[in-house]
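Please find below my notes on the model. They are set out as numbered points and can be read alongside the coordinates.

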Amino acid sequence: MPHFDLVIIGTGSGNSIPGPEFDDWSIAIVEDGLFGGTCLNVGCIPTKMFVHPAELADAARHGRALGVNAQLNSVDWPGIRDRIFGRIDAIEAGGRRYREGPECPNTTVFAGRGRFTGPKALHIDLHDGGTSSVTADRFVLAAGSHAVVPDIPGLADGTVPFHTSDTIMRLDRLPASIAILGGGYIAAEFAHVFSSFGVAVTQIARGARLLKSQDLDVSAQFTKEAAARYQVLLNTKVGGVAKAGDGVELQVEGPDGQHAIKAELLLVATGRRPNGAGLDVGKTGVGLDGHGRVVVDEFQRTSVDGIYALGDVSSRYQLKHVANHEARVVRHNLAHPDAPISSDHRFVPAAVFCDPQIASVGITEAHAVKAGIPHAVKTQLYGDIAAGWAREDTGHFLKVIADPATGLLLGVHAIGPEAATVIQPLIQAMHFRQTAHDVARKQYWIHPALSELVENALLGLPEATGR
Ligand SMILES: Cc1cc2nc3c(=O)[nH]c(=O)nc-3n(C[C@H](O)[C@H](O)[C@H](O)COP(=O)(O)OP(=O)(O)OC[C@H]3O[C@@H](n4cnc5c(N)ncnc54)[C@H](O)[C@@H]3O)c2cc1C
Ligand SMILES: NC(=O)c1ccc[n+]([C@@H]2O[C@H](COP(=O)([O-])OP(=O)(O)OC[C@H]3O[C@@H](n4cnc5c(N)ncnc54)[C@H](O)[C@@H]3O)[C@@H](O)[C@H]2O)c1
């Protein structure tokens, strides 16, 4: 049985671990799917490569208010798809070739599915039909997560064809209609893309609002705008799914009682579950929490000496920038186990790439109220700064929440143009403990850029009272 200094399971952020500091280690990489993991192949990158053409296709909608009378003639789905995956698939193949090739002489790549069989012992079902077993001094569990399929008759038993984010981006052609189950990130982004491309979208959410983990005002504004663009069924449960001709029929129950929804395709976007159970991590003594996540400490160490975990398999943040951050921590700690560094999860930002765009970091206003955290709030409308006013923007805003005593930011929530880019100075302020008024007044803000939204929001907060 081959023995390695290090085995890495998963080539998403896990693939960034091997570096020059490990040139004298023997390393095995085990990958069951596409090289490069979720973000590159079926996640952040391709979705955002669809989002940009979607924005272009949708531009005519916004142009009307400004006197631009344009219309969308057609969308070349195969062309868009093939441009995206032509680029991505080449990176996937190149990444695999690099790790298998002469540039990485100390690395062995196993294409197959790993699962633990005993302490620091991994069995691999290889894609070529064979099997292998390896042991190692150290393991990095970077096996990510997978789409959850709810236990709904017709879905869970596999009788009705449906898509998840893994498959929906490679469709042969655009459907005329699509039903999207779920009210979270993936549902929101694909509803935007397909609706922009002219597909009739019906989104079904069991809650009263879309993107319900967002600040209440953000979620309410987003839900209102989404409902104006495509059909949104809130407070609605799906009782069953059946085949109907070339499409699907969903039995739903909502505020209007029971009825059926027909669509050509169904996209299920109801969350992602960490892959720790599939790895059988218990066999090597590693524990899972109630959400199926591998349990790690702040140094990304599991309870077993020499076994680390990172990213979706262990993190409560299913975000690529978090997986990358944790991978940098693991890389350091593998090389310096006696001087470990910890992950910094204090201010984790996230964005939803829809129209309108959403970005946030820190606590929500509702959380501050519920937890009794002293706070001051300023909500700055895009329409009240020059760049937003020029766009005739309505309804979009940046909400900043600060500690009234220190002037330090506690939370930031934006919905509107370029929200993800606009809030970055505030993420920086939180990390470097800059006060709201210092950030606003101790630098220039380019006029009349969208960033003036940040300046004005911060100036709207009261001066710190001091402790
Ligand atoms: C549609 C979609 C859009 C997203 N958009 C964004 C975004 O815009 N911004 C953002 O920050 N995040 C986004 N995410 C989340 C982001 O993709 C993930 O948080 C991130 O990729 C997780 O990285 P990871 O390294 O932990 O896991 P992954 O990249 O998933 O890598 C895990 C790898 O492990 C392999 N594996 C699993 N089990 C085994 C096994 N038993 N044996 C061998 N190999 C195994 C898998 O095949 C996979 O390649 C998106 C996710 C999805 C699904
Ligand atoms: N822009 C980004 O950063 C981005 C984009 C896509 C995905 N992601 C990551 O991927 C993760 C997974 O995305 P997601 O949209 O699948 O999950 P999500 O957690 O964002 O949303 C899941 C949705 O499914 C609903 N749901 C759950 N179980 C259900 C059931 N049985 N029946 C009906 N509805 C049900 C939930 O109420 C929720 O609305 C996200 O949490 C996010 O971290 C990030």
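Predicted model: local features only at pLDDT ≥ 70, side-chain atom pairs only at ≥ 80, totals over all residues.

1. Local features are given where pLDDT is at least 70, and side-chain atom pairs count only at pLDDT 80 or more.

2. Main core. The largest nonpolar core contains 79 residues. Ala-179, Ile-180, Phe-190, Ile-358 and Val-400 are the members with the most contacts inside this core. Among the contributing elements, helix H4, residues 185–196, gives the most, namely eight residues.

3. Phe-190. Once neighbours within four places in sequence are set aside, Phe-190 is in contact with Ile-168, Ile-180, Leu-267 and Ala-269. Of these, Ile-180 is also listed with Phe-190 among the residues with the most contacts inside the largest core.

4. Another core, of 38 residues, lies apart from the largest one. Its members include Ile-17, Ile-27, Ala-28 and Phe-139.

5. Strand S2. Is S2, residues 27–31, enclosed or open to the outside? Five of its five residues are buried, so S2 is largely enclosed by the rest of the structure. Ile-27, Ile-29 and Glu-31 point one way from the strand, while Ala-28 and Val-30 point the other way.

6. Partners of S2. Strand S1, residues 3–9, runs parallel to S2 and is joined to it by four bridges. Within this pairing, Ile-8 has Ile-29 as its bridge partner. Strand S3, residues 107–118, also runs parallel to S2, with five bridges between the two. Here Glu-31 stands opposite Ala-111.

7. Cis peptide bonds. Asp-355 and Pro-356 are joined by a cis peptide bond with omega of about 5°. Pro-356 is in the loop between S16 and strand S17, residues 358–362. A cis bond also leads from His-447 to Pro-448, where omega is near -5°. The loop that holds Pro-448 runs between helix H11, residues 436–441, and helix H12, residues 452–459.

8. Asn-235. Phi of Asn-235 is near 50°, which is positive in a residue other than glycine. Asn-235 sits in the loop between strand S9, residues 231–233, and strand S10, residues 237–244.

9. Gln-300. Gln-300 has a positive phi of about 65° and is not a glycine. This residue lies in the loop between strand S14, residues 272–274, and strand S15, residues 307–309. Is Gln-300 buried or exposed? Gln-300 counts as buried because it has 30 C-beta neighbours inside 10 Å.

Notes:
Residues numbered from 1 in each chain as written. Chains lettered and ligands numbered in written order. Core = buried A, V, L, I, M, F, W, Y, C linked by C-beta atoms within 7 Å. Buried ≥ 20, exposed ≤ 12 C-beta atoms within 10 Å, placed from the backbone. Contact = placed C-beta atoms within 7 Å. Pairing = 2+ DSSP bridges.
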